[in-house]
Amino acid sequence: MKREHQETGAGGGSGYHVATAADMAGAKGKMTAAPSMGTEDDDCGVDELLAALGYKVRSSDMADVAQKLEQLEVAMASTAAAASDDASVLPQIASDTVHYDPSDLSTWLDSMLSELNAPPPPLPPPPVAAAVYHHHHHHHRFDVSTASEPPAITTVAPLRPSDAYDFKPVPPPAAASDGRIVYGLDPQSEMIVSPRDQKRKRTCSPSSSSSRGTEAGRARGSRAEGASPAKPAAALPVVVVDTQETGIRLVHALMACAEAVQQENLKAADALVKHISVLAASQDGPMRKVAGYFAEALARRIYRRRPLSQVDRALDSPALEDLLHLHFYESCPYLKFAHFTANQAILEAFSGCRRVHVIDFGMRQGMQWPALLQALALRPGGPPSLRLTGIGPPQSGHSDALQQVGWKLAMLAKTIGVNFRYRGFVVSSLADLESRMLLERDGNGGDRDDEGEEEAVAVNSVMELHRLLARTGAVEKVLRMVLAVRPRIVTVVEEEANHNEGTFLDRFTEALHYYSSMFDSLEGSGGQAAEAGEEEQRHRAMAEAYLGRQICNVVACEGAERTERHETLGQWRGRMARAGFEPAHLGSNAFKQASMLLALYAGGDGFRVEETDGCLTLGWHTRPLIATSAWRVAAAAAAAH
């Protein structure tokens with residue numbers, strides 16, 4: 001005979017089942033068996049399948065054997081329930097049971113049922129000590145502090161769906177008087193049950209069981225009823241998971257892990273980052289995603305001693321960065337807002353000019369310039385001659401991605417009747433450029449046409465200048481180069497955050513707030529995932545990965561590798577002023593049209609455009625997230641050059 005214990009998911013109790021015929025065949029050699037002395041007549045009518053397994057069952061007795069197997073299962077389950085209350089039950093049965101040859105399955109079942117349904121000895125008087133019954137989150141445990149009780153075949157009555165539950169949060173665990181941890185020291189979470197109350201349970205005996213077992217169950221039931229009056233069932237506390245409270249604990253765990261990293265307590269940081277993953281699993285929506293990316297970034301910083309794998313190097317490729325950038329452009333209004341406001345400032349600066357030159361510090365896929373080409377084509381008096389210089393990083397495989405972008409723009413310009421020239425520069429850093437390289441015209445050194453008219457130059461930087469802050473003096477060098485080309489307008493779009501100053505914990509805290517708002521806006525701009533189309537969900541997922549790469553760089557990297565060094569609009573004001581530039585106010589027309597643009601994204605709910613000292617910011621609710629500013633060469637700097 002074999003017993004197996006398995007947890008049940010519904011009631012949190014335990015169940016026992018009888019081993020199969022194959023299981024009993026394996027245990028056959030462990031039993032004391034008498035030699036079979038049957039004759040050939042005894043083998044007549046024996047079921048062949050069971051006989052092959054070593055069990056003799058006549059085909060005519062199959063129904064009776066099946067019924068007895070069910071009775072044995074019920075009796076064993078009752079014995080197991082009694083064993084959970086009293087550890088002496090199983091030793092008592094083991095010592096009193098006589099093992100018979102199980103090959104005669106019907107006789108063996110009768111003997112086992114007789115042993116299991118034997119009436120127990122009289123109950124001893126109840127001891128003074130009480131048993132405490134704890135219930136917490138569907139798990140049952142009995143702490144019995146009494147002397148050994150004789151075994152009884154009992155079963156616990158399962159709770160019905162109609163039973164009362166007290167739905168309220170369970171308070172933090174408190175220490176009981178005997179040193180045990182008890183949740184909710186009240187009548188609902190801690191009930192005093194006497195040993196005789198534990199015995200007041202239904203005897204589980206089917207109608208087809210032997211009369212001997214039935215009478216024994218009635219006798220035990222009558223003794224238990226006379227022992228003590230029935231007590232009303234108390235409502236059981238149910239743990240209600242408060243996701244808001246868990247979210248607060250998740251933020252606290254993230255901050256604690258960042259503090260441990262700052263203090264170089266890697267052992268505590270390792271434990272906390274694993275705990276963050278557990279807490280994040282109970283969250284839903286943007287909070288879960290943000291916590292996941294920050295946990296990954298913390299883990300990379302904690303285990304930074306390991307060299308980068310080939311997969312990590314592949315994920316850092318410029319081609320993948322451009323792909324994620326494209327999906328970020330499609331999924332939310334930030335880059336569209338940046339392109340629109342910058343183009344508006346460039347158009348106003350080029351008013352009346354016949355020859356214009358745009359220098360783009362981050363060409364990528366050239367998504368900003370089709371709109372500018374179309375606007376120039378519609379300009380009163382005819383379009384000007386446009387020269388575009390695109391700058392981008394080296395591509396894997398030495399592909400000519402910049403030239404392909406220029407070719408597509410040239411085809412568009414030809415279609416709409418704009419005289420267009422294009423030149424691309426591949427550089428690892430903007431600091432590697434020289435002003436003379438940008439002003440060259442097809443190998444000639446002049447920047448004037450045959451009639452002597454000077455080109456009007458505009459320099460455009462969308463989320464590119466902050467990368468220069470990783471190298472000392474690089475941003476100052478680039479701004480001096482910009483000043484040397486004497487632009488009419490310089491447009492700068494940057495993230496409105498401070499991820500470049502203070503301690504690691506300060507940077508981590510600022511990044512956590514900033515990217516939480518970013519992920520919230522991604523969720524709000526496209527509606528719920530269930531309502532979004534397949535393409536929209538793909539754009540959002542890739543946009544989240546784009547932001548996740550930034551989070552990893554801000555948190556996990558240091559030194560020259562940390563390129564996501566965002567600074568606020570106020571900090572950029574100081575840098576531009578020191579470099580010899582003064583602000584050029586963005587007009588009210590740009591503000592109005594930018595507000596209309598946001599209506600395309602979930603009706604514009606949640607997004608907010610603000611004008612601050614001639615600059616425009618786009619944010620989510622009350623948090624500005626990106627800022628557009630325009631600059632021109634200050635009079636003093638122009639006189640010096």
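## Around helix α14 and beyond

The buried residues of α14 are covered by elements that include α13 (334-349), β10 (355-360), β11 (385-392), α15 (401-416), β12 (420-426) and β13 (456-462). Keep in mind that this is a predicted model. Which residues of helix α14 are buried? Spanning residues 369-377, the helix buries Trp369, Leu372, Leu373 and Leu376. Looking down the axis of α14, you find these buried residues within an arc of 100°, so they line one face of the helix.

Stepping back for a moment, the chain holds 22 helices and 18 strands. Of its 641 residues, 44% are buried. Take the contacts between residues at least 6 apart in sequence: 75% of them join residues at least 24 apart.

**Loops next to the strands**

Start with Arg364, which sits in the loop between β10 and α14. Arg364 counts as buried, with 17% relative accessibility. Its backbone is also worth checking: phi is positive, about 50°, although Arg364 is not a glycine. For context, most residues other than glycine have a negative phi.

Met463 is another residue other than glycine with a positive phi, in this case near 55°. You'll find Met463 in the loop between β13 and α17, and at 7% relative accessibility it counts as buried.

Glu464 belongs to the loop between β13 and α17 (474-484) as well. Is Glu464 buried or exposed? With a relative accessibility of 11%, Glu464 counts as buried, the cut-off being under 20%. Leaving out residues up to four places away in sequence, Glu464 touches Phe361, Gly362, Arg364, Leu430 and Glu494.

Helix α9 runs over residues 266-281, and its length checks out: at 1.5 Å a residue, 16 residues should span 22 Å, and the end C-alpha atoms are 23 Å apart, which agrees. The buried residues here are Ala269, Val273, Ile276, Leu279 and Ala280. They take up an arc of only 120° around the axis, which puts them on the same side of α9. Over on the other side, Lys267, Lys274 and Val278 are exposed.

What does Tyr303 touch, leaving aside its neighbours within four places in sequence? Its contacts are Asp270, Val273 and Lys274. Among these, Val273 is a buried residue of α9, while Lys274 is exposed on the other side of the helix. Tyr303 itself is in the loop between α10 (286-302) and α11 (310-315). Tyr303 is partly exposed, with a relative accessible area of 33%. Along the chain, Tyr303 and Asp270 are 33 residues apart, yet their C-alpha atoms are separated by 9.0 Å.

**Two helix pairs**

Two packed helices are described by the angle between their axes and the distance between the axes. Here are two pairs from this chain.

| Helix pair | Angle | Axis distance |
|---|---|---|
| α18 (residues 504-525) and α19 (residues 534-556) | about 175° | 10 Å |
| α12 (residues 318-331) and α13 | about 85° | 6 Å |

How do the helices of the second pair lie to each other? At about 85°, α12 is roughly perpendicular to α13. On the α12 side, the contact is made by His325, Phe328, Tyr329 and Glu330, and on the α13 side by Tyr334, Leu335, Lys336 and His339. Sorted by class, that contact has four nonpolar, two polar and two charged residues.

The α18 and α19 pair is roughly antiparallel. From α18, the residues involved are Phe504, Arg507, Phe508, Ala511, Tyr515, Met518, Phe519, Leu522 and Glu523. They meet Arg540, Ala543, Glu544, Leu547, Gln550, Ile551, Val554 and Val555 of α19. By class, the residues of this contact come out as twelve nonpolar, one polar and four charged.

Conventions:
Residues are numbered from 1 along each chain as its sequence is written. This is a predicted model: local features need pLDDT of at least 70, side-chain atom pairs count only at pLDDT 80 or more; totals for chains, interfaces and linings use all residues. Side-chain values use heavy atoms; hydrogens and water are left out. Helices (H or I, at least four residues) and strands (E, at least two) are DSSP runs, numbered from the N terminus. The expected span of a helix is 1.5 Å times one less than its number of residues. Buried means under 20% relative accessible area, exposed over 50%, partly exposed in between (1.4 Å probe, protein chains only). The arc is that of the directions from the helix axis to the C-beta atoms. Axes are lines fitted to C-alpha atoms, for helices over the stretch in contact, and angles run from 0 to 180 degrees between N-to-C directions. Angles under 35 degrees count as roughly parallel, over 145 as roughly antiparallel, 65 to 115 as roughly perpendicular and the rest as oblique. Contact means heavy atoms within 4.5 Å. Ala, Val, Leu, Ile, Met, Phe, Trp, Tyr, Cys and Pro count as nonpolar, Asp, Glu, Lys and Arg as charged, and the others, Gly among them, as polar.
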